[in-house]
Amino acid sequence: MAKAKSCADQVIADWYDDGRVGKIYPLHCYTEAIAKLPPDVLDYSNAKEEIGRALAFAKQGKPDPGGIDPSPGSAGTTSTETTSTEPSTNTTTTATSTNETLPTTTSDTDTTATVVAPTDTSGPSSVPVPLLVLGGLAVLLLAAGSAGYLRRRMNGGDDGDGTPPAAPPVA
């Protein structure tokens with residue numbers, strides 16, 4: 001007979017499946033799963049954060065909608081989560097010092113949020129910006145040196161202000 005997995009093992013297996021915890025488990029299972037994660041998974045993955053995020057959603061009674069897919073074939077893609085809700089209007093009454101009641105209306109709306117993956121600048125197809133800046137600086141310095149050299153050549157190369165040198169004293 002095979003031994004049944006503990007709920008912490010089920011949470012970890014759920015995370016290993018696709019990089020997120022898609023089901024709702026008892027709340028203690030999430031904390032046990034985080035405590036049971038191997039050191040290499042803690043150091044080199046986002047398992048602790050994703051299980052903690054799933055715990056936060058489980059406390060609300062909702063399944064985790066998703067996050068970053070760390071699988072090797074995904075190349076760091078993110079799931080795009082778009083949420084919107086209809087505006088809700090809450091009407092409450094407040095009493096003033098003269099015992100009158102005035103209706104107060106508030107409106108809450110959620111905006112649409114989209115998660116975008118950051119640009120990867122470490123790949124072989126990325127532009128080497130520091131190298132381009134250094135190359136531009138080298139070209140600028142060469143141009144300034146050439147301009148100084150040409151100016152000196154056009155002025156006759158005497159490096160002076162146009163006055164003749166003083167005559168040596170006569171002895």
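This report covers a nonpolar core, an aromatic pair and a surface patch.

The model is predicted: local features need pLDDT of at least 70, side-chain atom pairs count only at pLDDT 80 or more, and totals for chains, interfaces and linings use all residues. Residues are numbered from 1 along each chain as its sequence is written, and side-chain values use heavy atoms, with hydrogens and water left out.

**Core.** The largest nonpolar core holds 17 residues. Such a core is a set of buried Ala, Val, Leu, Ile, Met, Phe, Trp, Tyr and Cys residues joined through side-chain atoms within 4.5 Å. Val-11, Val-21, Tyr-25, Tyr-30, Ala-33, Leu-37 and Ile-51 touch the most other members. Helices α1 (7-18), α2 (27-36) and α4 (47-59) each supply at least two residues of this core. Helices are DSSP runs (H or I, at least four residues), numbered from the N terminus.

**Aromatic pair.** Tyr-25 and Tyr-30 pair edge-to-face, 6.1 Å centre to centre, with 75° between the planes. Ring centres must lie within 6.5 Å, and planes over 60 degrees apart count as edge-to-face. Contacts of Tyr-30 (heavy atoms within 4.5 Å) include Val-11, Ile-51 and Leu-55.

**Patch.** Val-127, Val-129, Leu-132 and Val-133 make a nonpolar surface patch of about 390 Å². Its residues have over 30% relative accessible area and no salt bridge, with nonpolar side chains joined within 5 Å. Val-133 lies in helix α5 (residues 129-154).

Buried means under 20% relative accessible area, exposed over 50% (1.4 Å probe, protein chains only).

| Residue | Relative accessibility | Class |
|---|---|---|
| Tyr-25 | 12% | buried |
| Tyr-30 | 0% | buried |
| Val-133 | 54% | exposed |

Terms used: Patch = residues over 30% accessible without salt bridge, like charges linked within 9 Å, V, L, I, M, F, W, Y side chains within 5 Å. Areas by Shrake-Rupley, 256 points an atom, 1.4 Å probe, with all protein chains shown as cover. Salt bridge = Lys/Arg side-chain N within 4 Å of Asp/Glu carboxyl O. Phe/Tyr/Trp six-rings, centres within 6.5 Å; stacked < 30°, edge-to-face > 60°. Lists of a residue's contacts leave out its neighbours within four places in sequence.
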